Amino acid sequence: MRMSKMLMPTLREVPAEAEITSHKLMLRAGLIRKLSSGIYSYLPLGLRVERKIEQIVREEMDRAGAQELLMPALLPAEAYMQSGRWEVFGASMFKMKDRYDRDFCLGPTHEELFTQAVIDNVRSYKEYPMTLYQIQHKYRDEGRPRFGVIRSREFVMKDAYSFDLTEEGLDKSYKAMYDAYRRIFTRLGLDFTIVDADSGAMGGSGSQEFMVKSPVGEDGIAYCDDCGYAANFEKAECIPTTVDCPEGDLPIEKIYTPNAHTIEELVNFMGAKPYNFVKTILYKADDKYIAAMVRGDRDVNEVKLKNLVGCTDDLELAEPFMVRELTHAEVGFAGPVGLEIPVYVDKEVELMKNFIVGANETDMHYKNVNIGRDFTPETIADIRTITAGDKCPKCGGVIKQAQGIEVGHIFKLGTKYSKALGLKAQTETGEEKTVIMGCYGIGVTRCLAASIEQNNDENGIIWPVNIAPYQAVVVPVNAKNDEQMNMAEDIYQKLLDAGIEALIDDRDERPGVKFKDSDLIGIPVRIVVGKKCGDGIVEYKERTAEKSTDKPVDTAVADVIEFIKSNL
Ligand code: ATP
Ligand code: MG
């Protein structure tokens with residue numbers, strides 16, 4: 001491609017709306033342009049990268065035996081109404097009506113439609129197991145679109161769905177996707193971690209997320225360097241630890257704690273440690289209210305709690321007026337003693353004695369409270385969120401914390417959608433079986449940004465060869481100098497002939513501008529044709545190298561070809 005003809009609107013200034021490196025660089029390098037909040041156009045360079053990622057995903061899905069098809073993005077409501085997700089998606093689903101007043105949506109994910117496709121088109125149990133996939137635009141009206149294409153409202157996803165007749169079959173299909181995902185993210189050049197993820201209350205038997213560690217990631221990862229354990233923060237199992245508590249069976253005591261609502265205020269007021277307290281937090285779980293108790297220095301894990309309670313909607317903090325009604329006190333003084341709603345207690349609290357809780361009376365707390373004697377929990381379970389420094393649940397080592405960008409998710413769905421929509425297969429013996437499903441997603445466009453987050457420097461993007469929009473660039477220093485131009489053209493042709501995706505910067509620009517641009521757009525290797533071209537010498541430079549090296553033309557061309565081929 002001739003850069004004089006290329007649509008590549010690079011920017012010198014960092015656009016104000018972009019907070020993170022990948023978003024800034026995607027705008028600056030002219031890969032994308034924003035059309036509306038969370039909606040982007042892909043310009044030629046951006047699209048080339050996107051297509052390369054798609055292609056790697058496609059090759060590995062095909063290799064794993066999955067079949068590609070393409071569903072519409074504009075979808076009738078029925079299947080989503082049948083599964084209940086027409087409501088569950090709520091405001092995040094783009095809904096609309098057609099001219100006959102029929103309900104439609106823009107597909108946020110396609111479990112229902114694939115289930116329906118199998119119902120409609122699979123005729124015999126012999127056709128199972130089967131894994132189908134598509135690479136397509138998805139639409140989610142995200143509450144907070146941000147970070148460019150990392151969390152956008154229109155994005156490209158590869159979604160796959162497996163259909164099996166047995167649990168062992170599902171395990172196999174899942175494993176095939178797991179292996180394919182590992183190959184995909186490795187080929188994309190991403191440094192990733194696979195974490196155990198939450199699979200929800202009625203969820204299937206397993207779920208894992210592929211995370212790209214990055215400080216801008218929105219998901220917390222708990223991991224252990226000793227044994228390699230890694231889990232999503234919401235999922236990581238916590239090992240209870242003991243703390244110093246006052247000894248003996250001390251009598252419960254009510255104490256006056258004026259204006260002390262928070263643990264910090266209480267710690268100051270009472271001269272105790274945060275771990276001597278137990279927090280009592282009131283939640284709304286669907287249409288009832290519950291209380292959750294964790295040690296004063298811990299946090300309630302709402303995902304674990306939701307799964308334990310088994311409610312449909314996400315938990316919400318109880319409204320202040322309900323807190324007042326249920327505790328007969330101002331907000332901040334809730335406690336388990338005398339509370340008339342189910343109390344879910346974290347495992348760690350079971351190891352504590354004589355702790356401090358709210359007294360369900362404004363400005364009052366209880367001291368020396370004990371489980372059993374002073375209140376009866378509904379359930380004692382692991383309902384807190386892990387923190388750095390916690391014990392590794394696998395090996396007892398020390399848990400560390402990192403942030404991650406979720407680029408992929410694999411999930412054993414079980415029979416949730418096949419039951420809801422009625423996907424059954426009749427086996428040889430006439431037995432009817434509900435088909436068992438798995439679903440597997442990759443955020444294709446999010447991968448683009450994740451790659452930039454991991455591969456950049458102060459000059460711009462550093463594309464891995466596999467997904468670079470172009471693999472090499474030839475830069476004549478002076479486009480008006482015939483000798484330089486001729487040699488550059490010759491090199492360019494040789495690279496093209498060798499199958500290299502090459503650029504020639506034939507623009508009449510200052511060399512500084514050309515070098516800056518080729519660094520910014522992250523081309524992996526560059527040949528500069530300058531003053532020494534009369535002696536047959538050019539400069540060879542890989543994007544990651546500090547300096548360029550002078551080489552005879554033929555050597556430089558051969559080295560570029562070798563560099564690209566060996567990195568593919
Ligand atoms: P998140 O927790 O980040 O909102 P999710 O768990 O809802 O994502 P899935 O339904 O598992 O997402 O979708 C599969 C993949 O699609 C995700 O792993 C992610 O890479 C990508 N993805 C999801 N939402 C978005 C979005 N708004 N913009 C870009 N990519 C997305
Ligand atoms: Mg997910």
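Predicted model: local features only at pLDDT ≥ 70, side-chain atom pairs only at ≥ 80, totals over all residues.
**Ground rules.** I kept to local features with pLDDT of at least 70 and side-chain atom pairs at pLDDT 80 or more, while totals for chains, interfaces and linings use all residues. Residues count from 1 along each chain as its sequence is written, chains are lettered from A and ligands numbered from 1 in the order written, and side-chain values use heavy atoms, without hydrogens and water.

**Ligand 1.** I looked up the residues around ligand 1 (a heavy atom within 4 Å) and found 14, of which Arg140, Glu142, Arg151, Ser152 and Glu406 come nearest. By class I get five nonpolar, four polar and five charged residues.

Next I checked polar contacts (N or O pairs within 3.5 Å). The Arg151 side chain has an N or O atom 2.7 Å from an oxygen of ligand 1; for the His409 side chain I read 3.2 Å to a ligand oxygen. Gly443 uses a backbone N or O atom instead, at 3.3 Å from an oxygen of the ligand.

Alone, ligand 1 exposes 580 Å², and the protein buries 82% of that (Shrake-Rupley method, 1.4 Å probe). Strand 8 (154-164) and strand 21 (399-414) each give two or more residues to the shell (strands are DSSP E runs of at least two residues, helices H or I runs of at least four). Strand 21 gives the most, with four.

**Helix pair.** I then turned to helix 13 (482-497) and helix 15 (553-567), whose axes (lines fitted to C-alpha atoms over the stretch in contact, angles 0 to 180 degrees between N-to-C directions) come within 10 Å and cross at roughly 35°. Contact here (heavy atoms within 4.5 Å) involves Met487 and Ile491 of helix 13 and Val557 and Ile561 of helix 15, among others. I noted seven nonpolar, no polar and two charged residues in this contact.

Technical notes
Polar contact = N/O pair within 3.5 Å; in protein donor to acceptor, adjacent residues only side chain to side chain. Nonpolar A, V, L, I, M, F, W, Y, C, P; charged D, E, K, R; others polar.
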